[in-house]
Amino acid sequence: MQMPLKIYLLIALIKTVLSLAVMASLIAYVQLAERRIVARMQSRVGPTRVGPWGLLQPLADTFKLLLKEDITPSQTSSGLYLLAPAISVTLALLSIAVIPFGPVIHIFGYTTPLQITNINVGLLFILGVTSLGVYGIVLAGWSSNSKYSLLGSLRAGSQMVSYELALGLALVGPVLLAGSLDLRKIVAAQAGGHWFILPEIVAFLIYLTAAFAETNRIPFDLPEAEGELGAGYHTEYSAMKFALFFFSEYANMITVSCVATLVFLGGWAGPVFGPVWLSRIVLPLFWFCLKAAFFLFLFIWVRGTLPRFRYDQLMALGWKVLVPVALANVLITSLVVAWR
Amino acid sequence: MLNLQLILFLIFGALAVAGGINMLRSRSPIYGALSLILVMGALAVLYLLLGAEFIAFVQILVYAGAIMVLFVFVIMLLNAQPLPPHERARFARRLGLPAIFILLGILAAAFALRYSRARLAAGSPMFHVRSIGQALFHQGLLPFEATSVLFLVGIAGAVLLAARPETQSSGTDTPAVKAADRSGL
Amino acid sequence: MIPLSYYLILSGILFTLGVAGFIVKSDLISVFISIELMLNAVNLSLIAFSHYLRDMTGNLFVFFVMVVAAAEAAVGLAIIIAVVRNRQTLSLDEMDLMKH
């Protein structure tokens with residue numbers, strides 16, 4: 001059905017604004033959840049004072065960061081110093097444009113997918129945007145003109161470039177099984193409970209490991225290792241510019257969680273029942289959010305459990321274990337696909 | 001809809017040219033590299049306009065996301081600062097630059113005359129990933145395998161060239177990080 | 001729609017800027033960057049022709065250009081690192097060992 005251009009643009013606008021709003025509030029509350037859960041793991045309480053159960057804490061934090069003095073060190077290369085956090089946050093938010101949250105829905109007589117836009121090479125788009133994310137961090141370190149920032153960003157750069165390879169290779173297996181780079185078709189290929197996590201368990205574990213490194217999270221948070229480097233690449237950043245780096249780290253976490261859900265856990269698949277609005281819209285969205293939330297919890301859980309790797313161990317793990325195993329997995333998967 | 005493609009072409013074409021000019025103008029290598037990334041991003045959009053979606057995203061992934069990261073990385077590693085302009089290139093500047101731009105003028109005139117009526121058709125053909133893959137592994141299989149060997153040689157060569165001589169790295173002040181770092185490059 | 005010549009002229013402009021950069025730049029890395037710009041310009045014309053002729057070959061060719069460019073960048077940057085390690089400079093004017 002061909003819908004008028006105006007309606008099309010209006011629906012696209014609504015979806016974009018809604019996605020961004022949900023993403024922004026989600027990022028704020030993932031941080032709160034992280035503080036509460038890690039506190040519980042360490043036998044503490046965590047933030048409870050602002051609002052009931054500390055639910056207004058993200059709001060208070062945002063105001064604090066907005067109102068803090070914005071310091072620009074005198075030795076920075078000013079243009080790039082300002083550009084770096086902007087690059088980081090833009091790229092982190094860009095990849096949600098192609099992530100489908102649910103099936104195609106029919107609403108008020110119009111048909112639209114629960115997704116900002118669907119492209120044939122969605123997975124390639126996400127990988128491409130993620131690979132550009134390095135620039136924000138590398139430029140931040142370089143333009144700060146401080147040795148800790150530079151060391152942190154050199155570490156981050158080589159870490160992200162190395163693990164991107166393992167991340168991409170891990171996704172090749174499911175793509176071969178689905179026969180498409182279109183995220184919607186990858187989900188459709190897993191219909192009926194044939195989730196790719198079972199045949200591609202190796203790829204799943206590699207993806208998960210690489211995702212921790214891509215998002216610079218513990219146990220791979222070498223770029224910001226506070227004990228050695230101050231705070232790594234964002235040492236010289238303060239107030240809202242610092243918050244933007246923080247924001248993009250959590251946005252990246254959400255993106256890799258969504259991709260893991262779509263590629264390995266069957267997307268929005270799950271038991272559905274009831275009337276159309278429930279079984280076609282609400283329940284798929286619920287299953288999708290539940291699966292993504294599981295991955296987010298995993299990120300927090302690991303943070304509360306594992307110590308930090310040493311830098312040479314990190315590189316050895318990436319190049320000597322993950323990449324060869326991922327290559328072997330691609331080989332075996334393609335043999336199986338060719339055999340069928 | 002007729003003009004939408006033209007408008008997009010003009011915007012991103014202008015962006016690409018601006019990036020190229022900025023690359024030529026800036027003395028510092030880091031700004032040159034960043035301008036080139038801008039050019040690559042603009043070109044990726046033009047590739048999308050030309051129906052080459054796979055190439056467009058590979059352009060972002062490989063060119064902007066991997067090759068240029070290496071450039072930026074090396075610039076940072078070597079702390080490349082702006083250098084004074086060439087001393088011995090007066091001949092090239094005086095004669096070469098005008099010559100190139102004259103050549104460009106001739107080429108542009110030739111293109112404009114020769115292909116003035118060659119319009120890119122509407123309802124453009126999309127080169128899908130599937131058909132590119134099939135072409136790549138049927139008619140392009142031999143070049144593909146040859147390129148993979150070239151790649152392997154390239155990797156070995158890069159590691160060998162960037163490696164420090166063994167005698168230097170035996171000191172205690174060179175941590176194991178360096179060896180791992182090198183494989184990262 | 002858009003005439004093919006527009007794309008070709010844009011490609012020509014970018015190529016010219018690359019050549020000009022190759023001539024006037026005085027450090028090794030900038031010269032290398034100019035070469036990459038020239039490669040990109042050629043890629044644009046290949047894709048434009050591929051679209052115009054409705055032929056896949058141009059797309060394949062660009063793919064190979066990118067792959068070879070990646071190998072070239074890895075080796076070239078390794079050479080630059082080796083040169084800087086030996087001579088402590090990036091300036092092309094000072095790399096005159098073969099002259100004396």
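What span should the 14 residues of helix H7 (residues 201-214) of chain A have at 1.5 Å a residue, and how far apart are its end C-alpha atoms? The views below begin with that helix. This is a predicted model, in which local features need pLDDT of at least 70, side-chain atom pairs count only at pLDDT 80 or more, and totals for chains, interfaces and linings use all residues. Residues are numbered from 1 along each chain as its sequence is written, while chains are lettered from A and ligands numbered from 1 in the order in which they are written.

**View 1. Helix H7 of chain A and its surroundings.** The 14 residues of H7(A) should span 20 Å, and the end C-alpha atoms are 20 Å apart, so the two values agree. The expected span here is 1.5 Å times one less than the number of residues. Helices (H or I, at least four residues) and strands (E, at least two) are DSSP runs, numbered from the N terminus. Because 10 of its 14 residues are buried, H7(A) is largely enclosed by the rest of the structure. A residue is buried if 20 or more other C-beta atoms lie within 10 Å of its own, exposed if 12 or fewer, and partly exposed in between, with C-beta atoms placed from the backbone. Look for A:Phe204, A:Ile206, A:Tyr207 and A:Phe212 among the buried residues, which also include A:Glu214. Their cover includes helix H4 (122-144), helix H5 (147-178), H9, helix H10 (276-305) and helix H11 (311-339) of chain A. After H7(A) comes A:Asn216, with a positive phi near 55°.

**View 2. Helix H9 of chain A.** H9(A) covers residues 239-264; its 26 residues should span 38 Å, in agreement with end C-alpha atoms 38 Å apart. Most of this helix is covered, with 22 of its 26 residues buried. A:Gly266 follows H9(A) and has a positive phi near 75°.

**View 3. Where H1 and H2 of chain A cross.** The axes of helix H1 (residues 5-41) and helix H2 (residues 57-67) of chain A come within 9 Å and cross at roughly 110°. H1(A) is therefore roughly perpendicular to H2(A), a term for angles of 65 to 115 degrees. Axes are lines fitted to C-alpha atoms, for helices over the stretch in contact, and angles run from 0 to 180 degrees between N-to-C directions. From H1(A), A:Ala28, A:Tyr29, A:Gln31 and A:Leu32 meet A:Gln57, A:Pro58 and A:Thr62 of H2(A). By class, this contact has four nonpolar, three polar and no charged residues.

View 4. A:Ser43 counts as exposed, with 6 C-beta neighbours inside 10 Å. A:Trp53 lies in the loop between H1 and H2 of chain A, with a positive phi near 50°. A:Trp53 is exposed, with 12 other C-beta atoms within 10 Å.

**View 5. Chain C against chain B.** This contact takes 59 residues from chain C and 77 residues from chain B, where two residues are in contact if their C-beta atoms, placed from the backbone, lie within 7 Å. On the chain C side, H3(C) gives the largest share, 21 residues. That side has 44 nonpolar, 11 polar and four charged residues; Ala, Val, Leu, Ile, Met, Phe, Trp, Tyr, Cys and Pro count as nonpolar, Asp, Glu, Lys and Arg as charged, and the others, Gly among them, as polar. Chain B itself has seven helices and zero strands.

Notes
Parallel < 35°, antiparallel > 145°, perpendicular 65-115°, else oblique.
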